[in-house]
Amino acid sequence: MGGGLALAHASLGVFNAMSSAVNHAWGVEKKRSFIRHRLFSFLMMVAAGAMFVVALGIVAAVRVVEARWFSSLQVKSAWLDRLQGLGTDWAALGLLVVCVALVYRFVPNVKVTFAEVWPGAILTAVLWRIAFALFSWYAADLSQWSVHGSVAAVVVFLLWIYVSAVLLLYGVE
């Protein structure tokens with residue numbers, strides 16, 4: 001119970017900071033009231049959790065469909081294996097673009113149209129996927145590159161959080 005409350009409090013802090021940073025990047029002078037800012041951050045947290053659950057469901061459903069469809073084929077080859085994961089990768093990229101576009105559209109305390117949001121959302125999503133691939137490649141071989149073990153993993157994770165925040169704010173600009 002206490003851990004859940006601490007997680008909710010920390011998450012609200014993250015969404016408060018993200019909202020303030022996006023408003024600063026857009027040059028918003030008029031701030032929301034304290035209560036509205038906290039309520040908006042709470043709604044963002046709930047929406048992010050709901051999107052996470054939906055994304056997990058979509059990925060799981062796609063994996064099940066791919067496994068059933070590809071298992072019925074008797075021929076196995078390298079290009080079929082690659083094709084199997086390609087649909088999930090594109091779906092994840094599309095969902096990421098939509099999520100970033102929603103953040104860019106609704107977080108600033110000004111009127112923003114989706115036409116203004118799409119270029120930044122697409123750029124951010126593509127750069128984030130590239131950074132994610134590089135991070136995954138490095139994290140997979142972390143034990144070979146570092147003698148410091150879990151301490152290095154924490155430092156690399158914090159670096160990943162920093163890179164993600166920079167990419168999110170880069171897309172706002």
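Which residue lies over the face of Phe114? Select Arg105: Arg105 lies over that ring face, 5.6 Å from the ring centre. Keep in mind that this is a predicted model.

Now turn to ring pairs. The whole structure holds six aromatic pairs. For one of them, select Trp128 and Phe132: the ring centres are 5.4 Å apart and the planes meet at 10 degrees, so this pair is stacked. The cut-off for stacking is under 30 degrees.

Colour helix H4 next, residues 114-140. Trp128 and Phe132 both sit on helix H4, four residues apart, or about one turn of the helix. Trp128 is partly exposed at 25% relative accessibility. Phe132 is also partly exposed, with a relative accessible area of 33%.

Move on to Phe135 and Trp160. Their rings form a stacked aromatic pair, 5.1 Å centre to centre, with 25 degrees between the planes. Phe135 belongs to helix H4, while Trp160 belongs to helix H6 (residues 150-172), so this pair ties together parts that lie 25 residues apart in sequence.

Trp160 is buried, because its relative accessible area is 11% and the limit for buried is under 20%.

For the last stop, select Trp128, Phe132, Phe135 and Trp160 together. Ring pairs link these four residues into a cluster.

Technical notes:
Residues are numbered from 1 along each chain as its sequence is written. This is a predicted model: local features need pLDDT of at least 70, side-chain atom pairs count only at pLDDT 80 or more; totals for chains, interfaces and linings use all residues. Side-chain values use heavy atoms; hydrogens and water are left out. Rings of Phe, Tyr and Trp (its six-membered ring) pair if their centres lie within 6.5 Å; planes under 30 degrees apart count as stacked, over 60 as edge-to-face and the rest as tilted. Helices (H or I, at least four residues) and strands (E, at least two) are DSSP runs, numbered from the N terminus. Buried means under 20% relative accessible area, exposed over 50%, partly exposed in between (1.4 Å probe, protein chains only). A charge sits over a ring if NZ of Lys or CZ of Arg is within 6 Å of the ring centre and within 35 degrees of the ring normal.
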